[in-house]
Amino acid sequence: MGRDKGTSNLVDRAGPVTRMVFCRRGAGLCVALLFLVWGGCATKPPSPPKPSPALPGKEVPRMGYSIQVGAFTTVDNAIRLTESLEKQGMSAYYFHHKSDLFKVRFGDYRTREAARMKAEALVQAGVFTEYYIVSPEDYALARVRLYGETTVRNEIVETAEGFIGLPYQWGGSSAEEGFDCSGLSMAVYQLNGLNLPRSSRDQYSIGAPVERAELAKGDLVFFATKGREKVSHVGVYAGDDRFIHAPGKGKTIRVDSLADRYFTTRYVGARKYL
């Protein structure tokens, strides 16, 4: 049987993450990606989108129990493990832990026992040999009442900053929606305790609307980069008119300014989830 490292390995506890990259396959989000030119996720310069109506969104569910595996010195090994998990039907991402090792995380289970049973099944299948169960109380979100919302927002931005300079390895694609760069924001929020959905359009449909003048660290900013008003790109607001985003597959994750004309003319709106 595999070994649940549990509380015996405190270095694996969720918290500020220095760097992360991620990967996932799923229904409608295939690995056969569209190779697009720069412009966020765009293929052609769009007309400026109309402001999106400030409709109230749904509340974001909190993360339950997740499974964390691997402790690699090279990212390639983490990628291979992530791909193995995907073949088993898991939605997984890999990240650069503050211990300077690459680790992989997946799953959202209601109970520790459900997470343990899934992990043991994957041990039996030979996917990995050891694992760690991440509990809801391990996430930054669990400390919001103790330390306040600002602390959690700072941790979300710190997590996103860990991506800067790393290549964006993948992105979902479909005939209808094209390339989607939203895996970054999904992973950032899941690692801090909120189960944000995968696509930028779904992310925009939940949470609470935020006026641009009232943006705070950790909010998500959304853009229409395909010549229509529909949301197709997202970034994590980092303060001072800056946001962190994944420009596209094969490009490095970076910081850009909302004041840049390209993003100003494509800005749709923002959402907050805390």
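A search of the whole structure finds six salt bridges (a side-chain nitrogen of Lys or Arg within 4 Å of a carboxyl oxygen of Asp or Glu). The model is predicted, so local features need pLDDT of at least 70, side-chain atom pairs count only at pLDDT 80 or more, and totals for chains, interfaces and linings use all residues. Residues are numbered from 1 along each chain as its sequence is written, and side-chain values use heavy atoms, with hydrogens and water left out.

**Exercise 1.** Work out which residues Arg153 pairs with in salt bridges.

Solution. 
- Step 1: Begin with Glu149, whose closest O atom is 2.8 Å from an N atom of Arg153. Both residues lie in helix H4, four residues apart, about one turn of the helix. (Helices, H or I of at least four residues, and strands, E of at least two, are DSSP runs numbered from the N terminus.)
- Step 2: Turn to Asp219, whose side chain meets that of Arg153 in a salt bridge (2.8 Å, N to O). Asp219 sits in the loop between strand E7 (208–210) and strand E8 (220–223), so this pair ties together parts that are 66 residues apart in sequence.
- Step 3: Check accessibility, where buried means under 20% relative accessible area, exposed over 50%, and partly exposed in between (1.4 Å probe, protein chains only). Arg153 is buried at 8%, Asp219 is buried at 2%, and Glu149 is partly exposed at 35%.

**Exercise 2.** Describe the salt bridge between Arg143 and Glu155.

Solution. 
- Step 1: Take the distance, which is 3.3 Å from N to O.
- Step 2: Locate the partners: Arg143 is in the loop between strand E6 (130–134) and helix H3 (144–147), while Glu155 is in helix H4 (residues 149–161), 12 residues apart.
- Step 3: Compare with the cut-offs: Arg143 counts as partly exposed because its relative accessibility is 23%, and Glu155 counts as buried at 12%.

**Exercise 3.** Find out how the buried residues of helix H1 are arranged.

Solution. 
- Step 1: List them: Ala78, Ile79, Leu81, Thr82, Leu85 and Glu86.
- Step 2: Look down the axis of H1: these buried residues fall within an arc of 165° (taken from the directions from the helix axis to the C-beta atoms), so they line one face of the helix.
- Step 3: See what covers them, by contact (heavy atoms within 4.5 Å): the cover includes strands E3 (65–72), E4 (92–96) and E5 (102–109), and helix H2 (112–124).
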